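Please look through the model below before reading my comments. The points are meant to be checked against the coordinates.

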Amino acid sequence: MTKPKNIIPENLERLHNAEEQLREKAFGIVGDHETLHRHIAVVEAAMDLTDIFRQFDTNDENLKVLQILGMRTFNAFGASMKLSLSGYHQNSALILRDILETVFLLNLFVQDPPLIERWRLADKKERMAQFSPLKVREALDSRDGFTSKRRFEIYELFSELAGHPNMKSAWMMRPQKDGDAVIGPFMEATALEAVVSEMGRLAIQVGEQINAAIDPLWSPALPSRASFAKLKLEWLSTFYPDAQNWK
């Protein structure tokens, strides 16, 4: 019997083995940080909520759009988590920018459902004119009365550190702040904490929007909604203990 050829080049096998070793190192870092537990727990809860939401049987094409956007965040969270735990922090952050853009769109649609059909049926020119990332952020800021452009600042930060090749993006390729950039994955507590904490913040936003989109009378979603609400409260009390609006 002919021995099957190794379809994966040896160098890629070595890279994969290194990624798995870094994943074990990441578990050690997470195990020593209660705050990272909070972030990861709320990410899982938000993902579970989106999984429940996509199981809601509906013929409403607009509601299906919200389900698909939720599914997009599920996949993105899974990929971002896997990359970060394997040492690809910059690439993980790039996916977080996608989640940020998606949750902004979810926020707009959940609060103004008629916009979903307009977006769904728009051609490319109309969609870019009305629903580009910039237009969505401006619409949300106008709706909420925000003038600080905080949404833009967060989006721009993800873009500079992970989305576009520039000198600032090299920061996320350095295990040490003043050290040299490295090729391939690496595991360092500060980098892991930075990415996972942003993941947790986004998970709160995604969970809130998905929770608002779910029919409150649909009983199969109640356990997931209750779990997310509990973890959200714990997350907010940990990271924003002086806030008044989370109670």
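1. Basis. This is a predicted model, in which local features need pLDDT of at least 70 and side-chain atom pairs count only at pLDDT 80 or more, while totals for chains, interfaces and linings use all residues. Residues are numbered from 1 along each chain as its sequence is written, and side-chain values use heavy atoms, with hydrogens and water left out.

2. Confidence. The mean pLDDT (the predictor's confidence in each residue, from 0 to 100) of the protein is 90, with 92% of the residues at 70 or more. Helix H3 has the highest confidence, at a mean of 97, and H8 the lowest, at 73.

3. Secondary structure. The protein has ten helices and zero strands. Helices (H or I, at least four residues) and strands (E, at least two) are DSSP runs, numbered from the N terminus. Read from the N terminus, the order of elements is α-α-α-α-α-α-α-α-α-α.

4. Overall dimensions. The radius of gyration is 20 Å, close to the 18 Å that the globule rule gives for 247 residues, so the protein is as compact as a globular protein of that length. The radius is taken over C-alpha atoms, and the rule is 2.2 Å times the number of residues to the power 0.38. The C-alpha trace spans about 55 × 55 × 40 Å along its principal axes.

5. Of the 247 residues, 39% are buried; buried means under 20% relative accessible area, exposed over 50%, and partly exposed in between (1.4 Å probe, protein chains only). Among contacts (heavy atoms within 4.5 Å) with a separation of 6 or more, 69% are between residues 24 or more positions apart.

6. Helix H1. This helix covers residues 10-31, and its 22 residues reach 32 Å from the first C-alpha to the last, close to the 32 Å expected at 1.5 Å a residue. The expected span is 1.5 Å times one less than the number of residues. Which residues of H1 are buried? They are Glu 19, Leu 22, Ala 26, Ile 29 and Val 30. Seen down the axis of H1, these buried residues fall within an arc of 85°, so they line one face of the helix; the arc is that of the directions from the helix axis to the C-beta atoms. Their cover includes helix H2 (34-54), H3 and H9. Turned away from the buried side, the other face of H1 carries the exposed residues Glu 10, Arg 14, Gln 21 and Glu 24.

7. Salt bridges. With a salt bridge taken as a side-chain nitrogen of Lys or Arg within 4 Å of a carboxyl oxygen of Asp or Glu, the count is eleven. One of them joins Arg 72 and Asp 98, at 2.6 Å from N to O. The pair links distant parts of the chain, with Arg 72 in helix H3 (residues 61-85) and Asp 98 in helix H4 (residues 89-111), 26 residues apart. Arg 72 is partly exposed, at 44% relative accessible area, and Asp 98 is partly exposed at 24%.

8. Glu 198 pairs with Arg 201 in a salt bridge, with the closest N and O atoms 3.1 Å apart. These two residues are three apart in H9 (residues 189-213), so about one helical turn separates them. Glu 208 forms a salt bridge with Lys 232, with 2.9 Å between the closest N and O atoms. This pair links distant parts of the chain: Glu 208 is in H9 and Lys 232 in helix H10 (residues 222-239), 24 residues apart. Glu 208 is partly exposed, at 30%, as is Lys 232, at 24%.

9. Network. Salt bridges link Asp 141, Arg 143, Asp 144 and Arg 151 in a network.

10. Lys 149. Where is Lys 149 found? The residue lies in the loop between helix H7 (133-144) and helix H8 (150-163). Lys 149 counts as exposed, at 54% relative accessibility.

11. Ile 154. This residue is in helix H8 and is partly exposed, with a relative accessible area of 23%. Ile 154 and Leu 100 are 54 residues apart in sequence and 8.7 Å apart in space, C-alpha to C-alpha.
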